[in-house]
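Here are my notes on the model, point by point. Please read them with the structure open.

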Amino acid sequence: MEPTPDRLATKASWLITQTAVHARRLVSQGFATAGARGYHYRVLAALREFGPASQAELGRRCRMDRSDVVAAVTELEGAGFVARSADPADRRRNIVTSTEAGARQLRRLDRALDDVQDELLAPLSATERQALVALLGKVLDHHGGAPTS
């Protein structure tokens, strides 16, 4: 591998970007082994933590575009991991609920993501990992949280 110019290698923004590229690849591979995508994990995690939700709520909580939420929910519903039903308070809105199969899939995805974290952060001690997560969270919080994309 060619050396990186110091002007780049000493910039946190460049290091974060390069690490994010590597992390995204590892996460995609980890989820693919479980027959899933990152959007599936986001939706299932939100449903587990917050309970049934409209697709719009899922989009806001998961920082996902509306069309990506619809696609992910459709795929998850097709696999039996979520159920979609009309909201009794507003028949135009769907409420999404995780199924037992969805809870099992979330546990599989949690294990896959834990393995990815271990691979990604292999050179760091447990204390360093906690510090990195805390520092990245602090920076992200300062800038208003994760962007919607």
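1. The expected span of a helix is 1.5 Å times one less than its number of residues. Helices are DSSP runs (H or I, at least four residues), numbered from the N terminus. Helix α7 (residues 126-142) has 17 residues and spans 24 Å from first C-alpha to last, close to the expected 24 Å. Just after α7, Gly144 has a positive phi of about 90°.

2. Some ground rules. This is a predicted model: local features need pLDDT of at least 70, side-chain atom pairs count only at pLDDT 80 or more, and totals for chains, interfaces and linings use all residues. Residues are numbered from 1 along each chain as its sequence is written, and side-chain values use heavy atoms, leaving out hydrogens and water.

3. Look at the largest nonpolar core. Such a core is a set of buried (under 20% relative accessible area, 1.4 Å probe, protein chains only) Ala, Val, Leu, Ile, Met, Phe, Trp, Tyr and Cys residues joined through side-chain atoms within 4.5 Å. The largest one has 24 residues, and Val43, Leu44, Leu47, Leu58, Val73 and Val82 have the most contacts inside it. Helices α2, α3 (38-50), α4, α5 and α6 each supply at least two of its residues.

4. Which residues does Val82 touch? Leaving aside residues up to four places away in sequence, its contacts (heavy atoms within 4.5 Å) include Leu44, Leu47, Val73 and Leu76. Glu77 and Thr97 are also among them.

5. Check Arg63, in the loop between α4 (55-62) and α5 (66-78). Its phi is near 55°, positive in a residue other than glycine. Most residues other than glycine have a negative phi.

Notes:
Buried means under 20% relative accessible area, exposed over 50%, partly exposed in between (1.4 Å probe, protein chains only).
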